[in-house]
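Dear colleague,

Please find below the structure that I am handing over to you. My notes on it follow.

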Amino acid sequence: MSRDVNFDLSHPLMEAGLESPADEEGVHDSFQQLIAEHGENEPSALELQLLQRDLEESQDNVPLFNPGPEHGSQRQGGSDVERDDSERPVDPIIGEQWSSDTLKVLSSMPSRTIGRNRGAIISQYYNRTLQLRRRRQTRPSIRDFSPSARPSIRGYGMQADTTDGEASKRERLVNNLQNLSVSDRVRMLRGMPLSVAEKKELRCLALQKEISSFSNKQLSCFSQLKYYIIIAMRKCWYSWLSFLHSLQLWQTPLKRVSGRFGTGVLSYFLFLKTLLFFNVFLFLVTGAFLVLPQAVHPPEPSPQNEHFSGLELLTGAGTFSDTVMYYGYYSNHTLCRDKTGGQNASTLYCDSQQLSYNMPLAYFFTIGMAFFITCIILVYSMSKTFGQSLGINKSHSILTMKVFCSWDFKVIKKKSVEIMSENIYTQLKELLAEMDEKKAKSTLCQRFWILMVHGVAWTVCIASTTGCVVGIYYFSDFIHKNLQKNSSSGYQNSLLKEASLLALPVVVSLINLLLPGLFNLVAWMEIYESPSVLTYIAICRNLMLKMSVLGVLCYHWLGRVAPEYKSIGLECWESFVGQELYRFLLMDFIFTLLDTLFGEFLWRLFSVKVLKRRRKPVFDIARNVLDLIYGQTLAWLGVLFTPLLPAVQIVKLFLFFYIKMSSVMMNCQAPRKPYRASQMTTIFITLLCIPSLLGASICVTVTMWSITPSLSCGPFRGLKTMFQAGKFWMEKLEEDNPNLSVLSKAHTYLVENPFFLFVGAGIFLIVIYFHSQVVDGQRKIINLLQDQIQNEGEDKKFLINRLQSIHEHKRNAGKRLKSQDSTC
């Protein structure tokens, strides 16, 4: 039996999936049926002879009953029965020889009866295969049975165990297995309580019989052609599936990084891959419904033609301002095309003979539906990862599956074998480290000292974050006043003015680069024993910094620039905010490259060449993941003002993957203390949903519902708010067709009223909460079942000890009576 190796909790690479307990139902049912059929039968003759001989030899002081000749001839090192010098079995639980009453109970226990009568097992599964064939076929044909397996009146009402030998039972079982389908045959063999060798022999016999019977049949040309076509189609289908599997993005690099650095570092790259798919979705939606229609119907060109200087690649302004990249380029007209193939036009209204496309309405609903669908996908991902990672399975059960079922025997390439071996080795280390993790008991003074150190560390982190956020607030205010001053003094647009626009993104990116280093230094002083706890603490501190910075920036754009855009000489404040977001996204990419160069590459060279150490830096998961969330939040904030910003984010993530992958493989080492990142993916998706997407959705909603658009640019020019575009369209639709007044009322209550947005968000949170509660209940039930299994074993030991004590009491009482009679 082979199993694919997986290494991710919400992803197939993260963690190997465990079989459901329901998969073993067939095996347990077969045991129960076998016990029910043979529980009332007397022991076999050989067993009775052995029992009588032991009773005669020991005179009521009987050794452990041998369950069968096959088991009695084997001596296993890990068994519960050990033999002393006199070759008498002694149980380690009691340490004494068992009585005959105890042996009778032991011989009837399910664990001692299963496997003793192979003929009964084969007979039972012959009947089950026959019943399965009858269910599959409404009227089975008599020619499908072999002569030995056909029904006979003489055998009616008689058990197969008493009429035929084991060979005939085996032959009939092979005949039935041959006539079953491949899936039913595998399922039936898997459920048989036989050894793996016997199952393999039965499967080979059934396959050989099927091949021989198939070769003996005379098939027509049409049947042969049909079988050849089916085989060819099946091969083509399997080849297509293999080709699709090979097209999976970054499959081999992810396996290599998982084998060398573990699931913690792997979770970062899987999260980056998830963000890439989100941005691809956003790019396809905005490109299909906004960028492409406007590019096909371009507006009138601007009279101001600026020369390309190269600085626009950093600032996003200049030549790029009058393109489909920014909000100000999109028209507020209905795009029309004559059905007869006439010229394109952009007018307020189109005739009935023209194909129309309402750009303001399309802009509003495209952005709204993109956020709504993204929210649904994230909620679904969170629900899925909750069920996979929140501790339903314990480490020792996962370790068992890893040891016995991890290897995939379909892997034949040497490189793939090496990657898989390294991967399994790393996962076993993580599971063993989690099982061996013990909380050291500390004294009251030590606890007080730890609390003091943690308090000081958190105070330093909060104070530094607050200071940086306040500094960003005043610096952004200074930049805004400087723009107002330059606009009032008639300062013309120049390279120096565009370069000054990079000041705020550079300062913010520098803070995001340096302050996490302070957090790591503080965490090093705290000395956390668990690496996973250290990662979670670092995530909390970096999240506090990123979200505070983004909050100040959103206030700067929506609270200062939007209401006062005329005072700083802007015609379209939406395009200016889009350019700001482009600059922040680009500066974040540049400073991340600097961090990779100086923080990992140069530090590795300094450690190896100067310090003469083999130690390399450890990959900072928390810092890099929060950088990804920060960049994705900027992309979600900017999709309203820059519809092509997801394309920039896609390019950035692609470069990030290859740069970070190369840096990790060359400059970093695996953590000194391995740990299993069982809940990393769930935490990353949760942070992406609640602080990131929720915050971006709130900012976009406030912009659409309460902020007045620019008067001279964009699809919503001349409107008080953006959502009025839908209101005006509904009013026009109601005027043209009064029967559609219900849609207008629905739009008024569902779109214009923000209450329903909060209701929808509340429903999503309730779904997440209930799903987490269901997962928690499943985890508790599984723990109770595991405890019950352990208690069942303790019950058996208790009953055996009680039986032994009762027998000892009776034997001592009998000896006392004999001694009294002898004295009399």
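**Asn127 and its helix**

Asn127 is part of helix α6 (residues 118-136); helices here are DSSP runs of H or I with at least four residues, numbered from the N terminus. With a relative accessibility of 37%, Asn127 is classed as partly exposed, because that class lies between buried (under 20% relative accessible area) and exposed (over 50%), using a 1.4 Å probe and protein chains only. Arg172 is 45 residues away from Asn127 along the chain, and their C-alpha atoms are 9.7 Å apart.

**Source and confidence**

This is a predicted model, in which local features need pLDDT of at least 70 and side-chain atom pairs count only at pLDDT 80 or more, while totals for chains, interfaces and linings use all residues. Residues are numbered from 1 along each chain as its sequence is written, and side-chain values use heavy atoms, leaving out hydrogens and water.

The average pLDDT (the predictor's confidence in each residue, from 0 to 100) is 76 for the chain, and 73% of the residues score at least 70. Over residues 138-164 the pLDDT is below 50. Where pLDDT is low, the predicted coordinates should not be read in detail.

**A helix pair**

Helix α20 (residues 503-526) packs against helix α21 (residues 531-561) at an angle of about 155°, the axes being 10 Å apart; axes are lines fitted to C-alpha atoms over the stretch in contact, and angles run from 0 to 180 degrees between N-to-C directions. The two helices are therefore roughly antiparallel, a term for angles over 145 degrees.

Yours sincerely

Notes
Contact = heavy atoms within 4.5 Å. Parallel < 35°, antiparallel > 145°, perpendicular 65-115°, else oblique.
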